[in-house]
Amino acid sequence: MGKISLLLGALAAACLFSLAAGPAGLAPDIIWNLRLPRTLAALAVGAGLGLAGAMFQGVLKNPLADPYILGTSAGATAAAVLCFLAGVERSSPVFFLAVFAGAFGATFLSYWLARLAGRLSDAALVLAGVAVSAFLSALVMLALTAARERSFSLFYFVLGGLYSAEPGVLAASALIIAVCGGLALARWRALDAMALGAEGAYHLGVRPERERALFFVFASAATSAAVALGGTIGFVGLMTPHIVRLLTGPSARTLLPAAALGGAALLTAADAAGRTLFSPAEIPAGVVMALAGAPFFMWLLWRSARGRA
Amino acid sequence: MAKILAAVLLFCCAAPARALRAVSLLPSYTEIIFELGAGGDLVGVSNFCNWPAEAAKLERTGDYLRPNIEKVYALQPDVVFTGAWAGESVAKQLSALGVKVVSLPEEKSVADILNTVRLIAAALGRKKEGEALARKLAALAPKPPAGEPVKLYIEVDAGGWTTGGLSFISDAARLAGGRNVFGGEKRGFFQASWEETLLLDPEAALLFGVSEKDFLARPMAGTLAAAREGRVITALDRDAFTRPGPRLFGEIARLRSLLHGKN
Amino acid sequence: MPALKVSGLTFSYGAAPLIDGLSFELRPGDFMCVLGPNGCGKSTLLRLLTGWQHAASGSVRLGGEEVAAMQPARLARLAAYVASETATPYDFSVRDTVLLGRTARAGLWRGYSAADGEAADLALRETGIAGLAGRSINTLSTGERQLAFIAQALAQEARLLLLDEPTSHLDLKYKAEIMGLLARLAGRGLAVAAVLHEPGLARLGCNKALLLRRAGGYAFGPASELVTAAALATVYGLPSDSPLLP
């Protein structure tokens, strides 16, 4: 399939860029010990966020959904701040587990709040997610204002960065993302059916509540693993499904693998660019993605206006 | 009658001049004011002013990026010391309320700090004490020691946050006999790529936001000259070194002895 | 063996019963129209028949099996439902949309087989939109869209076809075309039930009629007896000489 080979080509190019670019040139030591783990981390985070974005956009029938829509990033940041205030080291496994739990927990909280309100419609879920995000973000701000220390490294956790990826964390995150992606792909037709609405999906022979819950779990776990590894990097989850949908069409059977490949390629390229464009200063990958995000949204707007005209 | 008059006159002269009411919006200014012996003049300090211990007992006026203007005004200060961090609007708002504001320029070198000392002293009417303090501090770190400066990597915050040449921290390292590996960069605070740091191969590392163990756990950290020679320094006081205040000079002296032995 | 057997179906949204003790049967080859004023429960009835909503009491049996006890996948193989409107946020092609009708038979993870493709192509031909197969569903006119979703239902190869207002937003040509298609399908042995707003359409092929009145009353029987001006006038509350009645 020409489209998939295009994506694979983009992925290979991004990897080459990431491995070869840097002030040390092509020093094998640096490539193996430094750039390779970093590239692998970018691949994992990009794939995880791309997958999660595609899943949320499908199951919520909302083209503007991103992986953080149900409060995932706010939960991760809150957990990171708690760890920071408690003195937990960024490199310790406790940090990883806490951020993962915080991210996943916030998503679960949104779901539970919507359920408490008795309304599990997609709009209600998104609203609950907004509420949870706002609340947790406010808590984070409060904690940081009250804290005696002020740490730039924590603020930049929010923007996302792959500065030092621990191999254990990388392996754990990559595994979670791969498993969630595989399990989601194994029921791709359910995701397509869900795009026709819960009632439509039911009449096609799918259990909408169960499928929605399953995809939420897969998408939230993938997002949480990505955030625990690389911080809250924005735009990848939102942009990637839109870009690859143009190539492969909306069916999850091709969209999910394409979103994983595309997200991996995008983020790896963005991370490599952030590392090398302003050397020795390093721009976090999240900032590079945000810079690319604005023109992307202008393009989306132009395209939809053109379609309507 | 004359005796009473004399006693009254004596009393008036002997009474201290009406105490100046000063508010300091930055921790470094607070420390300088206390070192000048004018701690009694302070009626308000920022939330982050934690040295000396007496400063903790003073009224808090908010954090230094966004001080609480009303609180500052309510303290009825005669002079407010603010700096580049707080932004212009603070100075403008307070001036508009009729409060005297002394806006100190950002310190980009160690000499700038001594200048700040003199400016603060002048505003408090203690020029003599200001000169004396400036001389005393300068004596602690007069000039770099003889010999080749040690290539130094300074990490102010975890994640590669370091300073370029436009920072008093870089200058302080110079006076301690070190050379900031990123000193050639024409910038202040920034996040440096780890690969670049490895390439520059510093001979010593001065760490403030991260433990030695975590630093050495970074990929290829073992190849650094600093790691091989065991010159990973985490012993300096972070507040003392990263604030452009009086304690910096003592830390410069400590850094010098750590880098060059007992010179 | 009736394709669909409803006994004593009762349902209410609030205190007053909407559907009360409804019973009827549909055999293969029947084409039943469901008529009645707004709010009398026509759409609700269809949803009760497929199990999307649950009745307070009564039973619905599809081919002898109780719907309430069925898995959705089994249900989708026996009964197909076409909603009055379906939102399509993403640009699936018409053929892919029709292929989704094979979900119950294809499962969730394997690709579409040759049999799936044939069923989809047959459904496209029967609805007359084979030429639109490659177009995005969002570029179709309302009438073409309705045909696409009917094709999706046909691809399910079910024995019962339920349609909720299939002609409401369509012009006369499409109204006639769809009624003709449904009559043909009934002629081939499907059991078809369609909620209609225009009694006149019933003459285009319906042999049975279900008239729903407010507060649970109903009448079921041959279309020739029930789709008459006299019966419908009371149901709709119109004068019996109204030009809107057949």
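Two bridges tie strand β2 (residues 42-45) of chain B to β3(B), and the two strands run parallel. That pairing belongs to a predicted model. In chain B, five strands form an open sheet with parallel pairing. In chain C, four strands form an open sheet with antiparallel pairing. Chains A and B share the most contacts of the two pairs of chains in contact.

**The parallel sheet of chain B**

- The strand order is β3-β2-β1-β4-β5 in chain B.
- The edge strands are β3 (59-60) and β5 (101-104) of chain B, and each pairs on one side only.
- B:Gly44 has B:Glu59 in β3(B) as its bridge partner.
- Helix α4 (residues 88-96) of chain B packs on this sheet and touches β4 (79-83) and β5 of chain B. The direction of α4 makes about 165° with that of β5(B).
- Helix α5 (residues 110-123) of chain B also packs on the sheet, touching β4 and β5 of chain B. For α5, the angle with the direction of β5(B) is about 175°.

**Chain B as a whole**

- Chain B has 12 helices and 11 strands.
- Its C-alpha trace spans about 85 × 40 × 30 Å along the principal axes.
- Of the 263 residues in chain B, 45% are buried.
- Take the contacts in chain B between residues at least 6 apart in sequence: 53% of them join residues at least 24 apart.

**One residue to look at: B:Leu20**

- B:Leu20 sits in the loop between α1 (2-14) and β1 (22-24) of chain B.
- B:Leu20 counts as partly exposed because it has 17 C-beta neighbours inside 10 Å. A residue needs 20 or more to be buried, and 12 or fewer to be exposed.
- Leaving out residues up to four places away in sequence, B:Leu20 touches B:Asp41, B:Asp78, B:Val79, B:Leu124 and B:Gly125.
- B:Glu107 is 87 residues from B:Leu20 in sequence. In space, the two lie 25 Å apart, C-alpha to C-alpha.

**Where chain B meets chain A**

- The contact involves 23 residues of chain B and 24 residues of chain A.
- β9 (189-191) and α8 (194-200) of chain B each supply at least two residues of the side that touches chain A.
- α8(B) gives the most to that side, with four residues.
- By class, the side of chain B that touches chain A has 11 nonpolar, five polar and seven charged residues.
- Chain B and chain C have no contact with each other. Their closest C-alpha atoms lie 41 Å apart.

**The antiparallel sheet of chain C**

- The order here is β2-β1-β4-β5 in chain C.
- β2 (19-26) and β5 of chain C are the edge strands, each pairing on one side only.
- Helix α1 (residues 42-50) of chain C packs on the sheet and touches β1, β2 and β4 of chain C. The direction of α1 makes about 120° with that of β1(C).
- Five bridges join strand β1 (residues 4-11) of chain C to strand β4 (residues 57-62) of chain C, in the antiparallel sense.
- C:Lys5 stands opposite C:Arg61 in β4(C).
- β4(C) and strand β5 (residues 65-66) of chain C run antiparallel, joined by two bridges.
- C:Leu62 has C:Glu65 in β5(C) as its bridge partner.
- The hairpin of β4(C) and β5(C) has two residues between the strands. In this hairpin, C:Gly63 takes a positive phi near 55°.

**Chain C as a whole**

- Chain C has nine helices and 10 strands.
- The radius of gyration of chain C is 18 Å, close to the 18 Å that the globule rule gives for 246 residues, so chain C is as compact as a globular protein of that length.
- The C-alpha trace of chain C spans about 50 × 40 × 35 Å along its principal axes.
- Buried residues account for 46% of the 246 residues of chain C.
- Among contacts in chain C between residues at least 6 apart in sequence, 66% link residues at least 24 apart.

Key
Residues are numbered from 1 along each chain as its sequence is written. Chains are lettered from A and ligands numbered from 1 in the order in which they are written. This is a predicted model: local features need pLDDT of at least 70, side-chain atom pairs count only at pLDDT 80 or more; totals for chains, interfaces and linings use all residues. The radius of gyration is taken over C-alpha atoms; the globule rule is 2.2 Å times the number of residues to the power 0.38. Two residues are in contact if their C-beta atoms, placed from the backbone, lie within 7 Å. Two strands pair if DSSP finds at least two bridges between them. Axes are lines fitted to C-alpha atoms, for helices over the stretch in contact, and angles run from 0 to 180 degrees between N-to-C directions. Ala, Val, Leu, Ile, Met, Phe, Trp, Tyr, Cys and Pro count as nonpolar, Asp, Glu, Lys and Arg as charged, and the others, Gly among them, as polar.
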